[in-house]
Amino acid sequence: MKRAIGLLEIKNITKGILVADAMLKAANVELFLSQPLCPGKYVVMVGGDVGAVQSAVRSGKSVGGSENIVDEFVLPNIHPDIFQALSGCTEVKQIKSLGIIESYSVASAIVAADTAAKAAAVQILEVRLARGMGGKALVSLTGEVGAVTAAVRAGSNAIEDSGFLVDQLVIAAPHHSLHQALF
């Protein structure tokens, strides 16, 4: 069974906790993430059937108020690599080429990562969520340089119109010391 995930990124912590409660009460969803992030934002991510996730996100938005929502999404068929990348559990054996997508929001980074993973044969290494980065988020991925280039382009294009794309980068053959420093 394919699962959906939904996320709301909220401007303040107290409103975020209220939103999390409303989302969980609105539908039969599983709470994947509910925590404060830099700089004083709050993120809530739930998973389940598409309809339940959509209902939970709608409820959260209603309780939170559109003026308090930084970013949001409902992804109906999340790529399975995204969960490992979010938890930092991806085993990094070798970095062939390195791709990075930097965004201004957690939600846009996850959307970029999901799009990149579906666009080309790459391994999503990490989706780093706004901790100690002033609210920004990073997606890192590896694979053959052509696949990484295509994936970074697709992921960046997916969030560019929202205004959340900060920058993107592809390094064909990163130095081994950089690999050790990053992962």
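**View 1. Order of elements in the predicted model.** The protein holds six helices and eight strands. Its C-alpha trace spans about 45 × 35 × 30 Å along the principal axes, and its radius of gyration of 16 Å agrees with the value near 16 Å that a compact globule of 183 residues would have. Of contacts between residues at least 6 apart in sequence, 75% join residues at least 24 apart.

**View 2. Strand β3 and its burial.** Strand β3 covers residues 41-48, and because eight of its eight residues are buried, the strand is largely enclosed by the rest of the structure. K41, V43, M45 and G47 point one way from β3, whereas Y42, V44, V46 and G48 point the other way, and all of them are buried. In the protein as a whole, buried residues make up 48% of the 183 residues.

**View 3. Pairing of β1 with β3.** Strand β1, residues 4-10, pairs with β3 in the antiparallel sense over seven bridges. Within this pairing, I5 has G47 of β3 as its bridge partner, and G47 is one of the buried residues of that strand.

**View 4. The hairpin of β2 and β3.** Strand β2, residues 30-37, pairs with β3 in the antiparallel sense, again over seven bridges, and the bridge partner of Q35 in β3 is V43. Three residues lie between the two strands of this hairpin, in which G40 takes a positive phi near 85 degrees.

Methods. Residues are numbered from 1 along each chain as its sequence is written. This is a predicted model: local features need pLDDT of at least 70, side-chain atom pairs count only at pLDDT 80 or more; totals for chains, interfaces and linings use all residues. Side-chain values use heavy atoms; hydrogens and water are left out. Helices (H or I, at least four residues) and strands (E, at least two) are DSSP runs, numbered from the N terminus. The radius of gyration is taken over C-alpha atoms; the globule rule is 2.2 Å times the number of residues to the power 0.38. Buried means under 20% relative accessible area, exposed over 50%, partly exposed in between (1.4 Å probe, protein chains only). Contact means heavy atoms within 4.5 Å. Two strands pair if DSSP finds at least two bridges between them.
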